[in-house]
There are 2 protein chains.
Amino acid sequence: MSFSTLLQTLQSIVGPAHVLIESADNDLVQYVRDWRGRERGVALAVVRPNSTEQVAAVVKACAASNKAGSGVSIVPQGGNTGMVVGSTPDASGTQIVLSLQRMNNVRKLDGGNGTITLDAGCVLQNVQQACFDAGYLFPLSLGSQGSCTIGGNLGTNAGGTQVVRFGNTRELCLGLEVVTAQGEIWSGLSGLRKDNTGYDLRDLFIGAEGTLGIITGATMKMYPLPAAKLIAFAVLPSLDAAVSLLQLAQKHLSAGLTGFEVMGQFALSLVGKHFPQQRVPFLGTAFSGVVAPYCVVLENSDQESEAHAKAQFERLLEEAMEAGHVLDAVVAENMTQAKQLWHIRESIPLAQAQEGLNIKHDISIPVSSIPEFVRVTDAKLAESFPGARLVNYGHLGDGNLHYNVQAPEGADQAEFLETQEPGVNALVFDMVMQFQGSISAEHGIGSLKVEKLPHYKSPVAMELMRTIKRALDPQNMMNPGRVIEV
Amino acid sequence: MSFSTLLQTLQSIVGPAHVLIESADNDLVQYVRDWRGRERGVALAVVRPNSTEQVAAVVKACAASNKAGSGVSIVPQGGNTGMVVGSTPDASGTQIVLSLQRMNNVRKLDGGNGTITLDAGCVLQNVQQACFDAGYLFPLSLGSQGSCTIGGNLGTNAGGTQVVRFGNTRELCLGLEVVTAQGEIWSGLSGLRKDNTGYDLRDLFIGAEGTLGIITGATMKMYPLPAAKLIAFAVLPSLDAAVSLLQLAQKHLSAGLTGFEVMGQFALSLVGKHFPQQRVPFLGTAFSGVVAPYCVVLENSDQESEAHAKAQFERLLEEAMEAGHVLDAVVAENMTQAKQLWHIRESIPLAQAQEGLNIKHDISIPVSSIPEFVRVTDAKLAESFPGARLVNYGHLGDGNLHYNVQAPEGADQAEFLETQEPGVNALVFDMVMQFQGSISAEHGIGSLKVEKLPHYKSPVAMELMRTIKRALDPQNMMNPGRVIEV
């Protein structure tokens, strides 16, 4: 089957208006360039189905074409906001981008069961809003929530800022609808909290980045809205103190601790430098003559009342200050202040981009080992890359650091990135392995890390993954070259 | 390779004392008869390795023997307390029981990371105790905890009484060590809360009942111990009221709600009849002339104080009584009373056994649909099986009911079981499907439900499962005939 025959078939499935071809009048950049702008590929076509049945028919058509030797493959795409170049086509021109964006309906909201069933193309922010409007909380929350889709969140098992309480996207999902590599529809849209009838297919597709099948729908958990939410911004003498504060907060607040983000002073200083209108608390303030190296944002969600939340929070901070884990802290007095404090944390990636190119990491380490990991790795980086600056921040409650490396002050940043990235990556990832961590905590593998993965994952795990991929997608047609090479 | 050659090899791996053969002097009943006494199989041998390396060597030896045509296969076994005949050998005499009981060490307890790493053969109660001794809570809790092992809990994704807050065993696990069907060791003992480096192998082995590989170790989550724990026993006008009470409790107590068990009046009356020393509250008490049909046990775990827990609990019960969800309630005044109230709930299965044989179900339904499901199914059963009595109780917070059917009063119970079980099962399971539920919420499939599963699961799901099984265990050597027939 030729490409033109395939394209005709696809047009007959989704309608000619929804098979987009790159041309002088039709710039497909939003579909073919990755979010961070690292790579731009070439799509054979962008196909935009509006139902699960259409997705299945598209996959069947591609499978038939592939069987006839066309070499076509499929790249599923949601909001195209991924960080690891996993949802854009390669340069071959043989890949179909299958965009789920037109599938964006809430199928069912069941308050009594605490669940919402959605099309995969629903934008995360709209899902949050739909739940809120019905009196529920949908806790998944991340920077790209205005664009990313729930299908993409599931495909990459997205993390975000509420994981310390609610888990990753995986933990929020009860059931999936998936189109397999054969174009069959698996209707696994369960609203059940317990179902032990065989293998956990759901979790196999979650986080597989579209390499085993295409997620077309999902049933997700909702939670009761909290009665009050408080934010504190605390300055700490060390990363060890941050780990101690985390434990104390978990003991006192239990599941009320819904956010725990750590930020290094250099990361915060970049926010102060590039966004001076944001008044960063304690910036440059010395305690006993020394500028404290870390700050933490804590979020306390309370089911009872604002008064109760405040009393709880004050008790925690007092105890933490007495124990020396916290040097000083501010607690937001109202919603506006709370948003401002969160906004400082959220502005770090932008401030970092303003400062120039940098080498990004998304690593996780057992929480208890983080202080030692940072001590040792900081020292090794300083030795091997003199002057390199560390933009260290992240979700300490989950053991997840964005441990990013910025060129020395005044250095040519592009050159630093080009010449030093492999060395910096190797050093950081080797240390991550020594501390039994992960080289991708929440962003996934995509094509960006696909060649690195075999160096940092056991051969037995790689072989198990390869066996699963070959079994479920024997044509290697689903997002090939991502996650694992077969 | 003959069986005798294989047995010699196994003796050389684990030592002759740990290859047990049935004989007049050596009754292997504890290994070859299932927990509920439904079936007794014949083991070629019971092999008791004491290390992961020994497990791997045993699997390799069996795989080689199997390749040479012996037809040997492996049944992994922990405490042998499963409910679905999944951990005992069949009658063929060609199956090795691989007992993990000698692998029972705590490998590491990491308080700062909130994790404990264990051999698979650790008995659940010992795990709870080890965590408690270190100042932590291990929340998994079930009837057989004095005998069952953490490996068995993982293999079957066990549920229990704390799922409403902490999830199933799956949700408590961060990493696994597994011996594959090829006898390779996958060391996936992660203590990470976030790790997006490829397919979710962990969750594939969890709940697979030993059919894809043998779990030899695990890293599990621990939680802070609560400051106080309160128990209430409430009597309700209907199952609809129970669902409303659940929602109210989740709103007020949030994650403080650690248990929510429902019990029908007939189930409670059996406890009253067979264990009269247990004073069941509200038994036979009429409210407005009618005996209320359901009671609920609620458990509130509080991180703050007993006083706070009491205030919270009273507020909840007052609001529930005002709304008519609760007719009356008792709150345990001390630990002894609390244990007594829980003990009533835990005594239902025993009371039921005292009353005679019965047809057991372990079903789940979306929580919001439970009242309607029970209404409709009760009526259908009454029509088709006049006089049959319903022992209905379970984990309402998870949508999981043990909806058991007892013979009519005075009927021959063995005859009822023999003649009516297929019809009762078919009726109940068909209704479960109509309400989008599961025919096995927490017990698994084993061999007991393996033939039923294809009737109640979609062909696409069955085919995905079969494909995975064939790919990972091409010799069909790992617990064959359980979960799925290939």
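Q: What volume does the largest cavity have?
A: In this predicted model, the largest cavity comes out at about 40 Å³. The structure holds 1 cavity of 30 Å³ or more.

Q: What makes this space a cavity?
A: A 1.4 Å probe fits there but cannot get out, and that is what a cavity means here.

Q: Which residues line the largest cavity?
A: From chain A you get A:Asp195, A:Asn196 and A:Gly198. Chain B brings in B:Thr156, B:Asn157, B:Arg170, B:Gly207, B:Glu209 and B:Gly444.

Q: Why are α16(A) and α16(B) called oblique to each other?
A: Helix α16 (residues 459-472) of chain A packs against helix α16 (residues 459-472) of chain B at an angle of about 135°. Roughly perpendicular covers 65 to 115 degrees and roughly antiparallel needs over 145, so the pair ends up as oblique. Their axes are 9 Å apart, and α16(A) passes α16(B) in a right-handed crossing.

Q: Which residues meet where α16(A) and α16(B) touch?
A: On the α16(A) side they are A:Leu464, A:Thr467, A:Ile468, A:Ala471 and A:Leu472. Facing them in α16(B) are B:Leu464, B:Thr467, B:Ile468, B:Ala471 and B:Leu472. That contact divides into 8 nonpolar, 2 polar and no charged residues.

Q: Why do α1(B) and α3(B) count as roughly antiparallel?
A: Helix α1 (residues 3-14) and helix α3 (residues 52-67) of chain B pack at about 170°, with axes 10 Å apart. Anything over 145 degrees gets that label, so α1(B) and α3(B) are roughly antiparallel. B:Leu6, B:Thr9, B:Leu10, B:Ile13 and B:Val14 of α1(B) make the contact with B:Gln54, B:Ala57, B:Val58, B:Ala61, B:Cys62 and B:Ser65 of α3(B). By class that's 8 nonpolar, 3 polar and no charged residues.

Q: How do you know that α1(A) and α3(A) are roughly antiparallel?
A: In chain A, helix α1 (residues 3-14) and helix α3 (residues 52-67) pack at an angle of about 170°, their axes 10 Å apart. The cut-off is over 145 degrees, and therefore α1(A) and α3(A) are roughly antiparallel. The contact has 8 nonpolar, 3 polar and no charged residues.

Definitions and conventions
Residues are numbered from 1 along each chain as its sequence is written. Chains are lettered from A and ligands numbered from 1 in the order in which they are written. This is a predicted model: local features need pLDDT of at least 70, side-chain atom pairs count only at pLDDT 80 or more; totals for chains, interfaces and linings use all residues. Side-chain values use heavy atoms; hydrogens and water are left out. Axes are lines fitted to C-alpha atoms, for helices over the stretch in contact, and angles run from 0 to 180 degrees between N-to-C directions. Helices (H or I, at least four residues) and strands (E, at least two) are DSSP runs, numbered from the N terminus. Angles under 35 degrees count as roughly parallel, over 145 as roughly antiparallel, 65 to 115 as roughly perpendicular and the rest as oblique. A crossing is left-handed if the near helix is turned anticlockwise from the far one by less than a right angle, and right-handed if clockwise. Contact means heavy atoms within 4.5 Å. Ala, Val, Leu, Ile, Met, Phe, Trp, Tyr, Cys and Pro count as nonpolar, Asp, Glu, Lys and Arg as charged, and the others, Gly among them, as polar. On a 1 Å grid over the protein atoms alone, a cavity is a set of points where a 1.4 Å probe fits but cannot get out, and a pocket is an open set with protein on both sides within 12 Å along at least five of seven lines; lining residues have an atom within 4 Å of a point. Grid points are joined across faces, edges and corners, and a volume is the space filled by probe spheres set on the points.
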